[in-house]
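This report describes selected features of one protein model, arranged by topic. Please keep the sequence and the structure in view while reading.

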Amino acid sequence: PEKKVAETGKPVDLPASTVMNGRIGRPDEVDRYRVAVTPGQQWAFEVEAASLGASKLLGVLSVYDAATNKRLALTELGQEAGTNPFSFDTSRNEVDPRLSISIPKGVNQVVVSLEDLLGRGGNGFGYRLTAFPQPPDFSEELVTPYVNLPESGTAAIEVLVGRRGYDGPIRLSIPDLPEDLIQQGGNIPAELNPPEDRRAFSLGYLTLTAKPGAKHRPFDLNIWAEATESSSPIRKQVLAPGMVQLIRGLRQKPFKAPWLGTALPTSVASSVPVKIEVGKQHVRIVQGGDYALPWKLVKGPQAGGNIKVENPRPTASIKDLRVLRRPEGMDYMEEGTFHILTTFATPPATFDLVMDASRITGMKSERLITAPAVTVEIVPGYGLKLMSEKLVVRPGETVEVKGKIEREPGFAAVVKLQVEDLPQQVTSQEVVIPADQTAFSLRLAAGPNSQPGTFDVRLSSSAT
């Protein structure tokens, strides 16, 4: 139903899972809705407008505590860094806002507000708004409509994951993989950006390699996506597009036919005279470190010229992560490196690098072959392991806290340890562990008048 929010100024009740058809009828109008919620629930708020192709609205969606007017969440267009928010060339809804929030304690009613980013309004600014309770979840869709897999060669399968409250890592797999194929990759890292910068969509890749002598035949594959750090199991079959047919014209969405089936059509065909060899299939990098991944383009007699190894496909949105081509400025190299750079602020994550070789003809690029996915792990330089996590100390006595530092190979650095949040009259001194040592011992001394009780303390550390 249409509503007159701008005239009355009062929020309109929005029942759960009900589609509200509305319109920003005039400039600077803000439409507000009141939704009954329960503390601890996970709720989703979705808008459909610009993505439908029939509305000019570039929505800004906010959720407030109805009692205190405190804003709980905000989202607007262009959440995905590095993408064009005005592009409608794919099924990815990069313009219309969507929020997934956990209702805080003491909040029983929220107000949802919607307005145009540029303050516009009128008859062409309609929208559909839905609010519904939804546990942390994700949706998934195959970007790849089919796979032609050359014998002794590799092809990539690209998966688009839509975040629906679950921001943790996701693992892609093919449970019933034929014995003459090799699967690599499939790691989609957690979305670790601040809430206001989190992307609504994540890309993941699987690569398939046909072993020498693989039987040439067509068959179907089923791709599955599983949340690896969810409080409740989430495992889904990835939906297939069936087909992808581009439509001529400006900002036209491609035609898809998902009703053709959920399986991915695949075939093993004749080999191609081009191959990309990479130095490693699995790389571990300590936070703040870097790694030069070597690659080599191997061409057969019939390969021809103008073949370029492209930069790796887009990686996940990981803070302070860069992948640079070395040497720079040379397109038609037959070998080189991709330099993976991190900083101390780069979070631990596991992701995949996928490289392609293409033939460049005029202004067109034709993909010839893909390298097997290289899995990259970014890990802390060290971890701490205690011999015991429970200690008993009596007034006037001293107790030792023993443990060891588990260092990553090659991480030789001084580590400083300190026990914090100690109770009154219990003291401990900072301990410095030399770069060539792993065992440590900390002393906790309780004063004669220290009070009995059970306390939680923290063991903090720093390294340079």
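## Charges over rings

A charge is said to sit over a ring if NZ of Lys or CZ of Arg is within 6 Å of the ring centre and within 35 degrees of the ring normal. Lys236 meets this description, as it lies over the face of Phe138 at 5.6 Å from the ring centre. Arg235 likewise lies over the face of Trp224, at 4.3 Å from the ring centre.

## Basis of the description

The model is predicted: local features need pLDDT of at least 70, side-chain atom pairs count only at pLDDT 80 or more, and totals for chains, interfaces and linings use all residues. Residues are numbered from 1 along each chain as its sequence is written, and side-chain values use heavy atoms, with hydrogens and water left out.

## Aromatic pairs

A pair of aromatic rings is described by the distance of the centres and the angle of the planes. Rings of Phe, Tyr and Trp (its six-membered ring) pair if their centres lie within 6.5 Å; planes under 30 degrees apart count as stacked, over 60 as edge-to-face and the rest as tilted. Five aromatic pairs are present in the structure. One of them joins Phe255 and Trp259 in an edge-to-face arrangement, with 6.1 Å from centre to centre and 65° between the planes. For accessibility, buried means under 20% relative accessible area, exposed over 50%, and partly exposed in between (1.4 Å probe, protein chains only). Phe255 counts as partly exposed because its relative accessibility is 38%, while Trp259, at 61%, counts as exposed.

Why is the pair of Tyr382 and Phe411 stacked? The ring centres of Tyr382 and Phe411 are 5.8 Å apart and the planes stand at 20°, so the pair is stacked. Strands (E, at least two residues) and helices (H or I, at least four) are DSSP runs, numbered from the N terminus. Tyr382 belongs to strand E33 (residues 382-386) and Phe411 to the loop between strand E34 (398-407) and E35, so that the pair links distant parts of the chain, 29 residues apart. Both Tyr382 and Phe411 are buried.

## Strands and sheets

Strands of a sheet pair through backbone hydrogen bonds, either parallel or antiparallel. Two strands are counted as paired if DSSP finds at least two bridges between them. Strand E35 (residues 415-420) is joined to E39 by six bridges, and Val415 has Ala463 in E39 as its bridge partner.

In a regular strand the side chains alternate between the two faces of the sheet. E23 pairs with strand E25 (residues 290-299) in the antiparallel sense over five bridges. The bridge partner of Val278 in E25 is Trp295.

## Backbone exceptions

Most residues other than glycine have a negative phi, and most peptide bonds are trans. The peptide bond from Arg326 to Pro327 is cis, with omega near -5°. Pro327 is placed in the loop between strand E27 (322-326) and strand E28 (335-341).

Asp28 is not a glycine, yet its phi is positive, at about 65°. Asp28 is found in the loop between strand E2 (20-23) and strand E3 (31-36), and its relative accessible area of 63% makes it exposed. Ser152 also is a residue other than glycine with a positive phi, near 65°. Ser152 is in the loop between strand E11 (147-150) and strand E12 (154-164) and, at 35% relative accessibility, counts as partly exposed.

On a 1 Å grid over the protein atoms alone, a cavity is a set of points where a 1.4 Å probe fits but cannot get out, and lining residues have an atom within 4 Å of a point. Grid points are joined across faces, edges and corners, and a volume is the space filled by probe spheres set on the points. How many cavities of 30 Å³ or more does a search of the whole structure find? The search finds one.

The largest cavity holds about 70 Å³ of space. Its lining residues include Asn187, Ile188, Tyr205 and Phe351. Strand E15 (187-188), strand E16 (201-210) and strand E29 (349-353) are the elements that give two or more residues to this lining. E16 gives the most, with three residues.

Notes
1 Å grid on protein atoms, 1.4 Å probe; cavity = no way out; pocket = protein on both sides within 12 Å on 5 of 7 lines; lining within 4 Å.
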